[in-house]
Amino acid sequence: MSKEVRNQSPEPLWNHFSDLNEVPRPSKKEERVIEFAKRFGESLGLETIVDEVGNVIIRKPAFPGMENRLPVVLQSHLDMVHQKNNNTDFDFESEGIRMYIDGDWVKAEGTTLGADNGIGVAAIMAVLASDNLPHPPLEALFTIDEETGMTGAKGLKGGILNGKILLNLDTEDDDEVTIGCAGGVDVTANGTYNAIEVPAGHTALEITVNGLTGGHSGMDIHLGRGNANKIVNRILRVISAETDLYIASIDGGGLRNAIPREAVVKVLIPESSRSKITGVIQELYNDIKAEYQITDPDIRVAATSADYTGKVTSKEFAGSIIAAIGSAINGIYRMSPSVEGLVQSSNNVARVELGNGTYTI
């Protein structure tokens, strides 16, 4: 853990954030961070509760002279989005986040940082640990699984909290108070296909798209950043117009609320078309790189020879799946007619998996 991060001001905040980031805490695997939060509350001599779903509640009496103020709940979530670059060797279930300072920013080495919502958790920890900060009666509510299901918030039983005002510290702006929340719906398409043997005279090609900026599908969808699933599908569409194409596998994107930064697809094409197709991909890469030079300056597209002995889609089904992914809206669907600059609805083609006779989009 970088000592430089701990030395940032205000030090209590950054030290609590550093302590938190040493604890593995991917969504749905929060056992260790629940125990971490529980020990923290108990170490301060404060009433600490872990409810039946895993939420941690820590109560702190009012600062002297503020006992008659309305009690306040400070809420943040313990879990984090766990994504890493393909070339990063990292295990979210056993390692702490590797942080470093880059100019005015705290960043992570090849992974998500966990500031969503770790910085909110750290801020609440700093308030709980302070002995000179005036405050009303406080309840810290640390919920679980915010990123992949809201099961902590949904499982919170009525009547367990005493607070009359709740402040949620999960935001991107430290100088705003937000009233309201966006909603989301997951749509998943699952299916099967008849896998066939690789036709004679065909060779495997692995196409990789990576180096994209990515981001949160809610907060960053309007920034026009590249979606690896859509870009690799665009490449497949162009190849299929040039030669016979059979798909062996697709592995693109990760979490439903993250704009995909990487996608890998393995295809089979006629050996006689290899030279032509690699040239087509290179030309297409030049176009894509120029299109995304502002939003995704580090985008990379690579096509390499691959070994493959399994089954593939039919040529017809390959065309169908390419058309389906291509037709899926990605990005802004509609801007708000009443609030200037507000995205009213949008879509993120977050995850594409295909292989061994099944697919999930």
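The following legends describe an overview and several close-up views of a predicted model. Residues are numbered from 1 along each chain as its sequence is written, and side-chain values use heavy atoms, with hydrogens and water left out. Because the model is predicted, local features need pLDDT of at least 70 and side-chain atom pairs count only at pLDDT 80 or more, whereas totals for chains, interfaces and linings use all residues.

**Figure 1. Overview of the chain.** The chain has eight helices and 16 strands (DSSP runs numbered from the N terminus: helices are H or I of at least four residues, strands are E of at least two). Its C-alpha atoms fill a box of roughly 85 × 40 × 40 Å along the principal axes. Of the 361 residues, 43% are buried (buried is under 20% relative accessible area, exposed is over 50%, and partly exposed is in between; 1.4 Å probe, protein chains only). Among contacts with a separation of 6 or more, 75% join residues 24 or more positions apart (contact means heavy atoms within 4.5 Å).

**Figure 2. The largest nonpolar core and Ile247.** This core has 35 residues, and those with the most contacts inside it are Ile207, Ile235, Ile247 and Val267 (a nonpolar core is a set of buried Ala, Val, Leu, Ile, Met, Phe, Trp, Tyr and Cys residues joined through side-chain atoms within 4.5 Å). Elements giving two or more residues to the core include strand S9 (202-210), strand S10 (246-253), strand S11 (263-270) and helix H7 (274-291). Helix H6 gives the most, with six residues. A second, separate core of 22 residues includes Met125, Val127, Leu128 and Phe142.

**Figure 3. Ser76 in strand S3.** Ser76 is found in strand S3, which spans residues 72-77. At 0% relative accessibility, this serine counts as buried. The side chains of Ser76 and Asn117 make a polar contact at 3.0 Å (a pair of N or O atoms within 3.5 Å; within protein, one must be able to donate a hydrogen and the other to accept it, and residues adjacent in sequence count only if both atoms are side-chain atoms). Leaving aside neighbours within four places in sequence, the contacts of Ser76 include Gly120, Val121, Ile124, Leu141 and Phe142.

**Figure 4. Ser336 between strands S13 and S14.** Ser336 lies in the loop between strand S13 (331-335) and strand S14 (343-347). Its relative accessible area is 13%, so Ser336 is buried. A polar atom of the Ser336 side chain lies 3.2 Å from the backbone nitrogen of Ser338. With neighbours within four places in sequence left aside, Ser336 is in contact with Leu342 and Gln344.

Figure 5. Leu70, Ile165 and Leu167 make a nonpolar surface patch of about 260 Å² (patches are made of residues with over 30% relative accessible area and no salt bridge; like charges are joined within 9 Å, and nonpolar side chains, namely Val, Leu, Ile, Met, Phe, Trp and Tyr, within 5 Å). A salt bridge is a side-chain nitrogen of Lys or Arg within 4 Å of a carboxyl oxygen of Asp or Glu. Leu167 is placed in strand S7 (residues 165-168) and is partly exposed, with a relative accessible area of 40%. Thr171 is found in the loop between S7 and strand S8 (190-192), and is partly exposed at 38% relative accessible area. Thr171 and Lys230 are 59 residues apart in sequence and 28 Å apart in space, C-alpha to C-alpha.

Methods: Areas by Shrake-Rupley, 256 points an atom, 1.4 Å probe, with all protein chains shown as cover.
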